[in-house]
Every structure is written in structure tokens, then in C-alpha cells.
Amino acid sequence: MKLYCLSGHPTLPCNVLKFKSTTIMLDCGLDTTSVLNFLPLPLVHSSRLSKLPGWVSKDGTINLEKEIKECAGKVFVDSQPEFCLPERELLDLSTIDVILISNYHCMMALPYITENTGFTGTVYATEPTLQIGRLLMEELVNFMERVPKPPSATCWKNKEIQRQLPGPLKDAVDVWMWKKCYTMQEVNSALSKVQLELFGAVQVSPLSSGYSLGSSNWTIQSHHEKVAYVSGSSLLTTHPQPMDQSSLKNSDVLILTGLTQMPTANPDGMLGEFCSNLAMTIRAGGNVLVPCYSSGVIYDLLECLYQFIDNANLGTTPFYFISPVANSSLEFSQIFAEWLCHVKQSKVYLPEPPFPHAELIQTNKLKHYPSIHGDFSNEFRQPCVVFTGHPSLRFGDVVHFMELWGKSSLNTIIFTEPDFNYLDALAPYQPLSMKCIYCPIDTRLNFLQVSKLLKEVQPLHVVCPEQYTQPPVSQSHRSDLMLELKPPPMPYRRCSVLSLPFKRRYERVYIMPELANSLVPSEVKAGVSVATVSAVIHSKDNKHTLQPPPAPPSKKRKRVLEEPPAAQSPKPLLSGAVPLEGFLATLQKHGITEVKVEETPEGHILHLQEQDTLIQLDEDGTHIICDNNEPLRTTLQGAAYAVRKLE
């Protein structure tokens, strides 16, 4: 069993598991942190961005004024943002049989995997993961396609040129593999390969992971082996269905990814800071900008604000949710009742909407729009709170609000998504007057929680990203911010291939009825019978079947026998260990006297010094190592047979 690691991002994994001749991709996360190296894409012309100076090397030998712009001492690529894809050269993607998706954040690279690669397999995901993942892809494509296409920048990717650029562009890895966003045609083609029922080569089961709507961990098992895949899980009581822990027990291998990116930040504390800073800004007459994804944490933020608005006297403050898929996201959150926690499920049967943002919409406290154009521009009033994307601040409606509100110290931007370094996100907007608050809300498992979980489910082996096996560089003294297990976990990094410590010892084989009827069992001891089998094994889709051997070609007989020949009695069957003393005595009868006996934990090893031969006697087998001397091998086999027969 081997594991191929195609992504170096621990919370946006992409791994491939080869298990029982089946090739399974586990998630296909898209590393979007690469977009921080690019200038923002404004919805309307930005005179500030257009006036940024181009970059020229100090000695004047490299002039990239058209591709690289400088802002507040940092450099950015002036082109449509590009994404760091999972590694596509480590193995042939056309050999992948199936892709398992754990949550909608971990499927954003799907079109890069399934399109133009020869992929002919199937993708499996839960219904909410499929639908919300479609929304996030549609939103991403919309963000990219609705702005004028900037020129493509490629010269800076030359290795010699990149080496001379200022950081962080200088240190960017595999920039030639970065790609522009896919199209909606590619998205629809990729999602057409998604199925909700499971396949039969190995048994695969999704288990609720408690992280987001429809998020799941997976178990992959045969009759005798079990692999658990844990990605993006949460034990906190939020809106999703609780995590199923018991089904992870008795795993031979547990692959662990997607732990919290903010192990020292308490989600409840961050929610409190979010609400208090929002209220302070509104009371001072400022606006609040919340860059966020269109699904996920925003549901919890709106629920928290629902309880907070009246107590903070913010009942007249307008809240705006702006996204091309805002309406669909809010509606989907209300209809997937079976994937919600018990409290929210019970509301559906009252009937009441499970999320309170339905009431906020009905009372006009929350309004949603596809973009800043049209109805929004007519109904927009300040001070207000705006939820919009993208959290990277590189594209989407958030770019317009950064340009609009960034010059006033009355306004505040509150970061709640943990995927991007907020200082890097703000870099192309400097100098900035608006206040910046960092309240990352990450409900995924922290190291203490996952350590308790692993003690409970007790897998034989744990595999995880190497980042989890050592403390963060900035907090090297914090041994509590890493996994300490016995035996130690097996770490992986991008482009590594692991041979998992997992040996298949048994396999289930089916036998055809007509073959079973022909067997003649012999009882070797009370309650135990054995029989020899001559058959042809047929293997298909990991199912093995013993079939009767083909009949030998018929020969014409000169005369027909009046009576069929009597059935021959089966050969005696031998079982059990070969007794040492009796075997040595039998060898002496055959003239073999120089025998050196060595005792081992499994039995004995006999060295026939004159014949240069080894015989290994174990409880479950006898092995004769005798090169190029078939007569001697036959004699030794006969001796072992004789001593067992005498018993």
C-alpha cells in the first residue's frame, strides 16, 4: 500500500492511496495562497493601482515594469491571479479510479484533476458538498471573468529572473505550475462525474466530520483491512451534524489532515471579539467590512449577530451579504436538514427555519445581492456591515470596498477566515487608514482534541503532514502544538511517496457451487476437515472466485467402457508441525548424519552441512532451501512426509 502526496498544504490536502489494486484520490484542495503575490482585480478602474511604479532591478539589467508593480516596499504581479495546483507529475492522473471529497473547501481543484488529464474515474461526495462546492466554484469563476482581462505575465517566472526578485516572489515554489482559473464549462464537466452512491471494488463509507454542511471523513475497507481518512473535522457544537468518532475505530492506518490553522485561537473568544469590534465601529459612525467565503463560517457569524444585534442597539444597522451566489448559499443552508445538528434538525419539523438568518432577511435586517451593481447601489446606506468575498482581498466585490473605505480610520475590516495571512492580504492597499482586526474562526480539531481522539480510536499507524510533527517555527518552544504519539506518526510532504507499514495477510475467495460439490474433505482432528482443491482463480473488481478447471481435450476411444472407473481415494493430507526428533531419525536412515540444529522463536533451522542445505521447521510450514539439487529436495520432502504419516 502506497500513499502519494500531491499537496504541501495541510488543510487543503490532495493525496492518492493505492489500495487493493484500486487508486483512490483523497481530496483535491486548491492552494489559493499563491494569489497573495498578485495585484487586486478592481471591478472599476483604480487610479491608485494603475499609478503604481513598475519594478526594475537595481543594476537596471532586468526591466519588468509591465509585469511587476511595487507598493509600500513590496512587489506584486500585475496579472490575473494564478493558483498553485496539486502536483500532477508524480503519477499518471488517468490511472485514478475514484476521488473522495471530504468537504467543499477540499474540492476546488477538481476541474484541474478531471479535465484534460485522461481521467475516466468517478468522484464521490455528499449532496451538500457537491452543491455548495458548485457554488464556490461558480463564484470563483464569476470573480475572475467579470473584470477586464489583465495582460498575462510570464517573464518573471524565468528561474534566473525570479532569483533576483524581492521576496516573497523570490521564494515562491513551482511558479511554472501555477494556473489561471478554470471556466464554467470545465466546472460543469468535472461535477458531472460526481456520484452520491458508492462503488464496490472496496467498501467506502462517508462519516460525518462535524466541520461544515455535508463534510465527511471516510473509511476504506476490505474484508480484512481498514483505512480511515480524517480531514477537516470538528468536535465543537456548531451548525453541522456532530462528528462520528466510533466508526473510526479498529483502523490499520489513519490518514490525518485538516487540523485547525489557529490552534491558539478559541473560536468562541474570536466570535466575542468580532461582535464587540463590530459594535464599536458602528457606534462611532464607521462601516465594517468582513471578507469571507459565501458558505461556512458566515452562517455562524450571522447567527451570532442575530442574538447580538438587539442587545447592542444595532437594530437599525443594515447588514449586506454580497456574492454572485449569496441567494443560493442562504437557501441551501436551510434545506439540507439531515446534515445539521440535532437542535437545528428539530426546528425543521416544527416547522421553523433552522438558521436565524431567514428571520433577518424577512425583517430586512439582512439583505443579499449578487454584486455591487444594480439594486445594491440604489439601496446602499451607511454606516453598515458588508459580508463579501474573496478573503484574499485579490478579487471579488471586497476589492471595491477596500478602495472605497480604506482611507478612513472610522472604518474597520475584520478578518474571520484563517486561510490567509491578513498582513499579506492588506499589503497592496498600503498605506491604509482603516482599522484592521484579526479574529480567525477555525473550528477544526486542535492538537489536544486530536490526541484524545487518537487515544480513543487507537489506529495501528497514523500518517500526517510533516507540519504536525513539529512546533510552528514562530513558537518552537510549544511542544503542545504538535502531535506526540507512540509509535510516532509517519510524516509526509509535497511530492513524497510513502510505503505504508501495512501488509495484507488474508484475502476472501469465493468458490463455485459445482466445485464445492466435488471436494472430498478429510478430518484431521475433531471438528477440523481439509480438502485439496484444483481450480482456476478468476479475479475481477477485487473479487476472487475459484472455478472448476477446464476439462482436458477429449480423446477418441476404441471402445466404450461398460462401467466407469472407480473413483480414486484422495491423497492423505498432512497438517501440523514436523516433529524434530522423528525427522532427524528419518534423515539418518537416508544417510544424512551431519545436521546442525538451531532453535528459533518460530521453530528450528536445520543445516545439512555436507549437502549445503537449510531446512526451516515452523509451526505452520516447512521450507527447504536446496539450490540445484532436485533429487535431494525430493528425498527431504519424502522424509518430512514419512514422519508426519507415522504420527
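Me: Let's begin with residues 298–426. How much helix and how much strand is in there?
Reply: That stretch is 40% helix and 12% strand, and its end C-alpha atoms are 21 Å apart. Keep in mind as we go that this is a predicted model.

Me: Got it. What does UniProt list for residues 298–426?
Reply: The UniProt record gives "domain: Beta-Casp" for those residues, in an unreviewed entry.

Me: Thanks. On to helices: at what angle do α6 and α7 pack?
Reply: The angle is about 60 degrees, and the axes of α6 (residues 267–283) and α7 (residues 297–308) are 11 Å apart. That angle makes α6 oblique to α7. The crossing of α6 past α7 is right-handed.

Me: Which residues meet there, in α6 and α7?
Reply: From α6 you have L271, F274, C275, S276, L278 and A279, and they meet L301, C304, L305 and F308 of α7. Sorted by class, this contact has nine nonpolar residues, one polar and no charged ones.

Me: Nice. What about α3 and α5, at what angle do they cross?
Reply: Helix α3 (residues 127–145) and helix α5 (residues 184–191) cross at roughly 165 degrees, and their axes come within 10 Å. With an angle over 145 degrees counting as roughly antiparallel, α3 is roughly antiparallel to α5. Here too there is a right-handed crossing, of α3 past α5.

Me: And which residues in α3 and α5 meet?
Reply: On the α3 side they are L130, R134, M137, E138 and V141, and on the α5 side M184, V187, N188 and L191. This contact has six nonpolar residues, one polar and two charged.

Me: Time for sheets! What holds strands of a sheet together, by the way?
Reply: Strands in a sheet pair through backbone hydrogen bonds, and the pairing can be parallel or antiparallel.

Me: OK, so what is the order in the open sheet of six strands?
Reply: The order is β10-β11-β12-β13-β20-β21, and the pairing is mixed. At the edges are β10 (203–208) and β21 (490–492), each pairing on one side only. From one strand to the next, the twist averages 20 degrees.

Me: How do β13 and β20 run, parallel or antiparallel?
Reply: They run parallel, with three bridges joining β13 (residues 253–257) to β20 (residues 461–465).

Me: What's the order in the open sheet of four strands?
Reply: That one goes β28-β29-β30-β31, with antiparallel pairing. Its edges are β28 (595–599) and β31 (621–625); each has a single partner strand, so one side of each is left without a neighbour in the sheet. The twist in this sheet averages 15 degrees from one strand to the next.

Me: How many bridges pair β30 and β31?
Reply: Five bridges, in the antiparallel sense, with β30 covering residues 613–618. Within the pair, Q616 is opposite H623 of β31.

Me: Which helix packs on that sheet?
Reply: Helix α16 (residues 580–589) does, and it touches β28, β29 (603–608) and β30. The direction of α16 makes about 15 degrees with that of β29.

Me: Where is there a hairpin with two residues between its strands?
Reply: Look at β26 and β27. Strand β26 (residues 536–540) pairs with β27 in the antiparallel sense over five bridges, and S539 has H544 as its bridge partner. In the turn, D541 has a positive phi of about 55 degrees.

Me: In what sense do β23 and β27 pair, parallel or antiparallel?
Reply: In the parallel sense, over three bridges between β23 (residues 509–511) and β27 (residues 543–547). There, I511 is opposite L546.

Technical notes
Residues numbered from 1 in each chain as written. Predicted model: local features only at pLDDT ≥ 70, side-chain atom pairs only at ≥ 80, totals over all residues. Heavy atoms only, no water. Axes fitted to C-alpha atoms, helices over the stretch in contact; angles between N-to-C directions. Parallel < 35°, antiparallel > 145°, perpendicular 65-115°, else oblique. Left-handed = near helix turned anticlockwise from the far one by under 90°. Contact = heavy atoms within 4.5 Å. Nonpolar A, V, L, I, M, F, W, Y, C, P; charged D, E, K, R; others polar. Pairing = 2+ DSSP bridges. UniProt positions renumbered as here; feature names shortened; annotations may be inferred.
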